[in-house]
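The tour goes from one selection to the next and says what is found at each stop.

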Amino acid sequence: MSESFQFRIDGVEVTARPGQTIMEAADAAGIYIPRLCDVEGLRHQGGCRVCTVKSGGRSVSACTQPAEPGLEVENDSAARNRVRRDLVEMLFHEGNHLCPICEKSGNCELQAMAYRLDMTEATRFPWLEPCRDLDASHPDIALDTNRCISCGRCIRASQDMDGKGVFGYVGRGIHRRVAVNGADLAHTDAALADHAMHVCPVGCIIRKGEGFQVPIGERHFDHGLIGHEIEDRARKDGRK
Amino acid sequence: MTEARKPRVATVSLAGCFGCHMAVLDIDERMIALMGRVEFDRSPLTDIKTFTQRCDIGIIEGGCCNEENVHTLIDFRKNCDVLIALGQCAIMGGLPAMRNAIMHSREPLRECLEEAYISGPYLRNATRLIPNDPVLPLILDKVYPCSDIVDIDVQIPGCAPSGDIIFSTLVALLDGKFKGFARETLRFD
């Protein structure tokens, strides 16, 4: 195995192994870099850009950029977080994200990211309010694409882990959407046990019969800010 | 010596469910302390219908779904120094904004009214008409968040916001020390 090396995130020395991305090394060191499209277990995509950090004078996505010896990375700064908040806010505006009626509320990573990034000021962006489809054809799974943020987690999970390819991108630019490989979800080989049905960060892929089972106050992000598990790891080890 | 003037607070519910006004009551006994510090002007709590004088704080529940909401909101902006959007409806349209897009229709307003008054399965509407009396405020093409109509100074998120976040925000504003919310207290539901 090749030698590990050091680089710095916000002035803190971090150890990385060759081949690790900035985010992988940061996670291991207990430093949280906000992210939406990236999730443990799936290949990195670098699509949402919420993990954008400044490195060597350039803005790069921490989930895809390899760590290098001596790198100086700017992560948790007001400027980086402002850009991230704008990105998250635009994701809210691009779809129809009505938290009060959404069964994912409290377990939603988009919502949790808005909390972490202080998305509380009056908006400067227009609401696009698109008319998107609801596909409830499958007996166990529903798709409310109004809430899709095109992170592509389900695509990667279905292709790489389930070996199915139920989901894929269609269209280009702002018209790019996640679509299913069939007339509707019932006409694909999607199954409730698929890994793809458990990676959606928002309330787009809905497992029927599960909504609102966990009461308010006990949902995942009622217990702490998104990323606190990673940061707690560092605190426990006394590194931060 | 005259007593120091108490800051004046006005409140109104536009296209909301009145839940945010109910949430104000979740301040519980701290309401007594708050009432000692402020005077309420026009508000459903006082049943005063128009501004009696300029106010320091205006609290808006709900977004704008008809022209009367828009006139009221503009009136609040003119008469209040600090305008607060209280709750998700005021901030982003909330549940009423479901009629904007989630009806999966290219004409969401028409479909909304037709389902409500003509085609809905559980209707008893003998006239089979959509109400169109001239005294009814004109319904808008869609539901607008408050910040689409006027400048909003502070947004208190929640559906409804907790009594704690309402109280702490009001006290911080009255003390001139409001610097945003603790992240852990933020909820959009």
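This is a predicted model: local features need pLDDT of at least 70, side-chain atom pairs count only at pLDDT 80 or more; totals for chains, interfaces and linings use all residues.

**Stop 1: chain B as a whole**

Select chain B and colour it by secondary structure. Chain B holds seven helices and seven strands. Followed along the sequence, they come in the order β-α-α-β-β-β-α-β-α-α-α-β-β-α. Taken along the principal axes, the box filled by the C-alpha atoms of chain B is roughly 65 × 40 × 30 Å. Of the 189 residues in chain B, 37% are buried. Now consider contacts in chain B between residues at least 6 apart in sequence: 77% of these join residues at least 24 apart.

**Stop 2: the sheet of chain B**

Keep chain B selected and show the strands. In what order do the five strands of the open sheet lie? The order is 2-1-3-5-7, and the pairing is parallel. Strand 2 (39-40) and strand 7 of chain B are the edge strands, each pairing on one side only.

Next, select strand 5 (residues 80-86) together with strand 7 of chain B. Three bridges join this pair in the parallel sense. Find Leu86(B) and look across to strand 7 of chain B, where Ile156(B) stands opposite.

**Stop 3**

Select Cys159(B) and Ala160(B). The peptide bond between Cys159(B) and Ala160(B) is cis, with omega about -10 degrees. Ala160(B) sits in the loop between strand 7 and helix 7 of chain B.

Then select Asp151(B), which is in the loop between strand 6 (139-144) and strand 7 (154-156) of chain B. Is Asp151(B) buried or exposed? Asp151(B) counts as exposed because 9 C-beta neighbours lie inside 10 Å, and the cut-off for exposed is 12 or fewer. Use the distance tool from Asp151(B) to Ala33(B): their C-alpha atoms are separated by 29 Å. Along the chain, the two residues are 118 residues apart.

**Stop 4: where the chains touch**

Show both chains. On the chain A side, 22 residues are in contact with 23 residues of chain B. Helix 3 of chain A gives the largest share of the chain A side, three residues. By type, the chain A side divides into 10 nonpolar, seven polar and five charged residues.

**Stop 5: a helix pair in chain A**

Select helix 2 (residues 78-94) and helix 3 (residues 109-116) of chain A. Their axes come within 10 Å and cross at roughly 140 degrees. Helix 2 and helix 3 of chain A are therefore oblique to each other. The crossing of helix 2 with helix 3 of chain A is left-handed.

Show the side chains where the helices meet. Helix 2 of chain A brings Val88(A), Leu91(A) and Phe92(A), while helix 3 of chain A brings Leu110(A), Met113(A) and Ala114(A). The residues of this contact are six nonpolar, no polar and no charged.

**Stop 6: a hairpin in chain A**

Select strand 8 (residues 167-170) and strand 9 (residues 177-180) of chain A. These strands run antiparallel and are joined by four bridges. Tyr169(A) has Val178(A) in strand 9 of chain A as its bridge partner. The two strands form a hairpin with six residues between them. In the turn, Gly171(A) has a positive phi of about 80 degrees.

In a regular strand, side chains alternate between the two faces of the sheet. In strand 9 of chain A, Val178(A) and Val180(A) point to one face and are buried.

**Stop 7: two residues with positive phi**

Select Arg49(A), in the loop between helix 1 (22-28) and strand 3 (52-55) of chain A. Its phi is positive, about 65 degrees, although Arg49(A) is not a glycine. With 16 other C-beta atoms within 10 Å, Arg49(A) is partly exposed.

Last, select Phe212(A), in the loop between strand 10 (205-207) and helix 5 (228-236) of chain A. Phe212(A), also a residue other than glycine, has a positive phi near 60 degrees. Phe212(A) counts as exposed, with 10 C-beta neighbours inside 10 Å.

Terms used
Residues are numbered from 1 along each chain as its sequence is written. Chains are lettered from A and ligands numbered from 1 in the order in which they are written. A residue is buried if 20 or more other C-beta atoms lie within 10 Å of its own, exposed if 12 or fewer, and partly exposed in between; C-beta atoms are placed from the backbone. Two residues are in contact if their C-beta atoms, placed from the backbone, lie within 7 Å. Axes are lines fitted to C-alpha atoms, for helices over the stretch in contact, and angles run from 0 to 180 degrees between N-to-C directions. Angles under 35 degrees count as roughly parallel, over 145 as roughly antiparallel, 65 to 115 as roughly perpendicular and the rest as oblique. A crossing is left-handed if the near helix is turned anticlockwise from the far one by less than a right angle, and right-handed if clockwise. Ala, Val, Leu, Ile, Met, Phe, Trp, Tyr, Cys and Pro count as nonpolar, Asp, Glu, Lys and Arg as charged, and the others, Gly among them, as polar. Two strands pair if DSSP finds at least two bridges between them.
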